[in-house]
Amino acid sequence: MNATVVIPTYNEKGNVERLIEILEKDIFPQVKNYNMNILVVDDNSPDGTQEVVRDLIKKYKNIEISVGTKRGLGAAYVRGMNHAIENMNADILFEMDADFFHDPNKIPEFLEKIDKGFDFVIGTRYSQGGSIPKDWGLHRKIMSVWGNIFIKLLFGREGINDWTGGYRAVKKEVFLKERDKLGAFTGYTFQVGFLWNAVKDGFKVAEVPFNAEDRTHGKSKIPGFQTIIRTLSFVIKVRILEVVSGSFGKFLVVGGIGFTLQFVIYWYLAHNTNLLLGVASWLAAQLAIFSNYNLNNLWTFRERRAHSFLSYLIKMSGFFISSNIGVIVIQSGIVQLSEFLFGRKYPLVYFVVATGVLLLYNFTMYSKVIWRRKPR
Ligand code: GDD
Ligand code: MN
């Protein structure tokens, strides 16, 4: 098996030589079951990074360089990983910074995780045994820690504690599968975008804690504020899409159809019959509930739908009871309670709040009771 350590560089003359010497002399000899190679991905750094690397290429046979135009960190990685697979026969692709932010001594641990069957191994600063640089300023520390907590809360994936880090080892299959989606992430958002898509596709993730070190040579290229905004908006967008395209979104669409149906039928009954309006509204609601039940059964909770006619009827009775409790007790109850408590001043507010609670109640009842997952 071949592993290539892909190192993107932009003005890293002061770091790259020392890093490569350490990899060649101290780290690679510890790795037994992989051929270790290095690929430097340089975007025509004006400081002479390339010349330094070309001298090292003469000295070691397992180093290559890919030179291109500067289009950001993500674009550099995509170019580099393609090069590593096509020209260096890489099975495993490492991501690593040139500036010693990532402790190279951890490389064998990444490969052990790969050997155990994991597809995407991430270095983590935020798990036990990992840390962010001690000498970072308070501002950067706060941004880093809180940004990470925010992303973790939104993504909520067990066992993934560092979404944005750039120290990783992935199987080439992961990169090949996600490659087409990665064009959207030119900058540092590449990190979170790559990991997220891999997780969505079911690749197995493992973590290796490491202590991150601030660079002693050169400057960070991270376009600070812009990166933070881009990363956070990506995370928020992706989560909203996930929730809306998931069962909650379908539940809302079904509810919307039900509401329209109720309205049309109520309107018809009010104009064409002598029914009391309360009765007309309630009757129309029952038809809407019948439609909601069937659409939810066939679409929203499709994998958990009723399979026999008996279970179809049992689920439907539960649905009717629960939906009527929702409308009568929860929705009307909250509106009435609000009137008692706050007077008749804000009827619309009461209705909107009550409907919001009703939606949550219904969704919980449907997903946790009526269409609950069967314990295996
Ligand atoms: N070829 C190329 N092109 N390399 C680049 C570019 C680019 O446009 N931008 C940055 N690099 C290289 C740098 O030379 C360095 O080797 C590495 O990418 C990381 O850049 P730094 O500028 O040192 O990034 P950082 O320390 O601020 O950010 C680190 O933390 C981020 C957040 O956790 C990196 O590890 C990022 O990958 C990580 O997302
Ligand atoms: Mn850095």
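I worked on a predicted model, where local features need pLDDT of at least 70, side-chain atom pairs count only at pLDDT 80 or more, and totals for chains, interfaces and linings use all residues. Residues are numbered from 1 along each chain as its sequence is written, chains are lettered from A and ligands numbered from 1 in the order written, and side-chain values use heavy atoms, with hydrogens and water left out.

**Entry 1: helix α11**

I took helices (H or I, at least four residues) and strands (E, at least two) as DSSP runs, numbered from the N terminus. Helix α11 covers residues 309–342, which is 34 residues. I looked up its span. The expected span is 1.5 Å times one less than the number of residues. For α11 that should be 50 Å, and the end C-alpha atoms lie 47 Å apart, so the two agree.

I then looked for a bend, meaning the angle between axes fitted to the seven residues ending at a position and the seven starting there. At G333, α11 bends by about 35°. Just after the helix, G343 has a positive phi of about 85°.

Next came burial. I call a residue buried under 20% relative accessible area, exposed over 50%, and partly exposed in between (1.4 Å probe, protein chains only). Among the buried residues of α11 are Y312, M316, F319, I330 and S338. The buried residues of α11 pack against α10 (277–300) and α12 (347–370); contact here means heavy atoms within 4.5 Å.

**Entry 2: aromatic rings**

I paired rings of Phe, Tyr and Trp (its six-membered ring) if their centres lie within 6.5 Å; planes under 30 degrees apart are stacked, over 60 edge-to-face, the rest tilted. The structure holds 26 such pairs. I picked F110 and Y167, a tilted pair with 4.5 Å between centres and 40° between planes. The pair links distant parts of the chain, 57 residues apart: F110 is in helix α4 (residues 107–115), Y167 in the loop between α5 (138–155) and β6 (168–171). F110 is buried at 0% relative accessible area. Y167 is buried too, at 1%.

I also found one aromatic cluster, whose members include F309, Y312, F319 and W371.

Then I checked charges over rings (NZ of Lys or CZ of Arg within 6 Å of the ring centre and within 35 degrees of the ring normal). K70 lies over the face of Y10, 4.5 Å from the ring centre. K204 has its charged end over the ring of F118, at 5.1 Å from the centre.

**Entry 3: salt bridges**

My criterion was a side-chain nitrogen of Lys or Arg within 4 Å of a carboxyl oxygen of Asp or Glu. I count 16 salt bridges in the structure.

I started at E21, which is buried at 13%. E21 meets K25 at 2.9 Å, N to O. Both sit in helix α1 (residues 13–27), four residues apart, or about one helical turn. K25 is exposed at 52%. E21 also bridges to K59, with the closest N and O atoms 2.7 Å apart. K59 lies in helix α2 (residues 49–59), so this pair ties together parts 38 residues apart in sequence. K59 is exposed at 51%.

I moved on to R239 and E242, which meet at 2.2 Å, N to O. They are three residues apart in helix α8 (residues 224–245). R239 is partly exposed at 23%. E242 is buried at 17%. Salt bridges with shared partners join R157, K200, R239 and E242 into one network.
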